[in-house]
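Please keep the sequence and the model at hand while reading.

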Amino acid sequence: MIALFQDPALLIAICASFVVGLLGYIIVRMWIKPIVRYNLIKRRLGGELTRYQDHLKSSREKTPPDHAILRSARKHAHDLNTCHSREIPYWYRLLLESRQTSPAEAEGMLTNINKIKNAEQVKNRIANARKAAGLKPYH
């Protein structure tokens, strides 16, 4: 143990590796994990909206729309908005803003959508919510 502190090159290497490990941990915990979580929630929201639009397309007003899918989509939109406002780093928020992404607007578009009777208005609201969330348009 004494030989460890007598060699300054080894001591510098130990300190440098500690600092690099600490910085790596901070970057992963504070930047990478929140950004990955945000993107996973966004992908889930896109999947739920696609499922809902597929259900609307196939039902053709014969059956009422599946509100469980819409409820799940609203939950994902809420989680996306929460993650956007509280978890992701500021610089990533600025990047999303430059791409005109607004999870709060997407969440607002999905509220009370089940009360709209006109199918075309529902499609437009969902399309606007997809655009606001930064998702690709429905095919």
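## Basis of the description

Helices (H or I, at least four residues) and strands (E, at least two) are DSSP runs, numbered from the N terminus. The model is predicted: local features need pLDDT of at least 70, side-chain atom pairs count only at pLDDT 80 or more, and totals for chains, interfaces and linings use all residues. Residues are numbered from 1 along each chain as its sequence is written, and side-chain values use heavy atoms, with hydrogens and water left out.

## Loop between H4 and H5

Gln100 sits in the loop that joins helix H4 (90–98) to helix H5 (103–110). Its phi is positive, about 60°, although Gln100 is not a glycine. Gln100 counts as exposed because its relative accessibility is 67%.

The buried residues of H5 are Pro103, Ala106, Met109 and Leu110. Viewed down the axis of H5, they fall within an arc of 115°, so they line one face of the helix. The arc is that of the directions from the helix axis to the C-beta atoms.

Asn112 follows H5 and belongs to the loop between H5 and H6. Asn112 is not a glycine, yet its phi is positive, about 60°. With a relative accessible area of 46%, Asn112 is partly exposed.

## Helix H6

H6 covers residues 119–133, 15 residues in total, and spans 21 Å from its first C-alpha to its last, close to the 21 Å expected at 1.5 Å a residue. The expected span is 1.5 Å times one less than the number of residues in the helix. Val122, Ile126, Ala129, Arg130, Ala132 and Ala133 are buried in H6. Down the axis of H6, the buried residues fall within an arc of 165°, so they line one face of the helix.

At the N-terminal end, Asn118 caps H6, with a side-chain oxygen 3.0 Å from the backbone nitrogen of Glu120. A polar contact is a pair of N or O atoms within 3.5 Å; within protein, one must be able to donate a hydrogen and the other to accept it, and residues adjacent in sequence count only if both atoms are side-chain atoms. After H6 comes Gly134, with a positive phi near 85°.

## Second largest pocket

The second largest pocket has a volume of about 200 Å³. A pocket is an open set of points on a 1 Å grid over the protein atoms alone, where a 1.4 Å probe fits, with protein on both sides within 12 Å along at least five of seven lines; lining residues have an atom within 4 Å of a point. Grid points are joined across faces, edges and corners, and the volume is the space filled by probe spheres set on the points.

Among the lining residues are Lys42, Gln100, Glu105, Asn128, Ala132 and Gly134. H6 supplies the largest share of the lining, 3 residues. By class, the lining has 2 nonpolar, 5 polar and 4 charged residues.

His84 is part of helix H3 (residues 67–86) and counts as buried because its relative accessibility is 15%. His84 and Ala104 lie 20 residues apart in sequence, and their C-alpha atoms are 8.7 Å apart.

Gly47 is in helix H2 (residues 8–59) and is partly exposed, at 33% relative accessible area.

Notes
Buried means under 20% relative accessible area, exposed over 50%, partly exposed in between (1.4 Å probe, protein chains only). Ala, Val, Leu, Ile, Met, Phe, Trp, Tyr, Cys and Pro count as nonpolar, Asp, Glu, Lys and Arg as charged, and the others, Gly among them, as polar.
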